[in-house]
Amino acid sequence: MKRLTINLPQLKLKNSIIAFFCAALQAFGMYNIHALSDLTEGGVLGATLLINHFFHISPGISGFIMNGALFILGWKTLGKQFIAYSLFATFGFSFGYSFCEQFPPLWPGIAERPLLASISGAIFIGVGAGFCVRAGGATSGDDALAMSLTSLTKGKLKIQWIYLISDLAVLLLSLSYIPFQKISYSILTVIISGQLIGLIQNLPTHSTKTIIKNNI
């Protein structure tokens, strides 16, 4: 009689911790900046709001379907490790947001400074997502799509440009029901956060630094 064996992914504790806490950092920015300043997003989140406005389909339903499809793409392209690290990120985001909700926002007046809100919000999102992606996971379907396309094109499509294209496409469509002034700050946010993600992903690894040092 054959024994049923389950091949679990080989995970690194360091990467699991990074995915968890970087997603929690994203949640911190979402609660203390995005939620107060009414910054919207591109990608899946912006698409769910767009679909809800025109077709009256709940973001809970459309978001589940889109994120699910993109995570399946990530699993097919990047493997079981990707899904495992993404689960750590998902729990990290939920924990981080729930924890932040126990306290009042740190910067209640930031809504009156939309430029500051867009830049600081981008830093929290970009750094959090960037190091999570670098650890091998994703906090949302947007990250899964960007990582998958970068992998499929063997790096020819840079991850920051995939983020930028998908986010800008959704934000431009959102102009159909959101005023330009409000969208403009969100566009600045996604440009900065996307570039940060690309910069962090391209940081040299320890092994790369060692090779460079030995060749000097």
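**View 1. Ser-86 is buried, at 3% relative accessibility.** Here buried means under 20% relative accessible area, exposed over 50%, and partly exposed in between, using a 1.4 Å probe and protein chains only. This is a predicted model, in which local features need pLDDT of at least 70, side-chain atom pairs count only at pLDDT 80 or more, and totals for chains, interfaces and linings use all residues. Residues are numbered from 1 along each chain as its sequence is written, and side-chain values use heavy atoms, with hydrogens and water left out.

**View 2. Ser-86 and its surroundings.** Leaving aside residues up to four places away in sequence, Ser-86 touches Phe-71, Gly-137 and Ala-138; contact means heavy atoms within 4.5 Å. With Ala-138 there is also a reach of 3.0 Å, from the Ser-86 side chain to the backbone nitrogen of Ala-138.

View 3. Helices are DSSP runs (H or I, at least four residues), numbered from the N terminus. From first C-alpha to last, the 21 residues of α4 reach 30 Å, close to the 30 Å expected at 1.5 Å a residue; that expected span is 1.5 Å times one less than the number of residues. Buried residues of α4 include Phe-82, Tyr-85, Ser-86 and Cys-100.

**View 4. Cysteines without a disulfide.** The whole structure has zero disulfides, a disulfide being a pair of cysteine sulfur atoms within 2.5 Å. Cys-132 is in none, and its nearest cysteine sulfur, that of Cys-22, lies 6.6 Å away. Cys-132 is buried at a relative accessible area of 0%, and Cys-100 is buried at 9%.

Technical notes:
Polar contact = N/O pair within 3.5 Å; in protein donor to acceptor, adjacent residues only side chain to side chain. Helix = DSSP H or I, 4+ residues; strand = E, 2+ residues; numbered from the N terminus.
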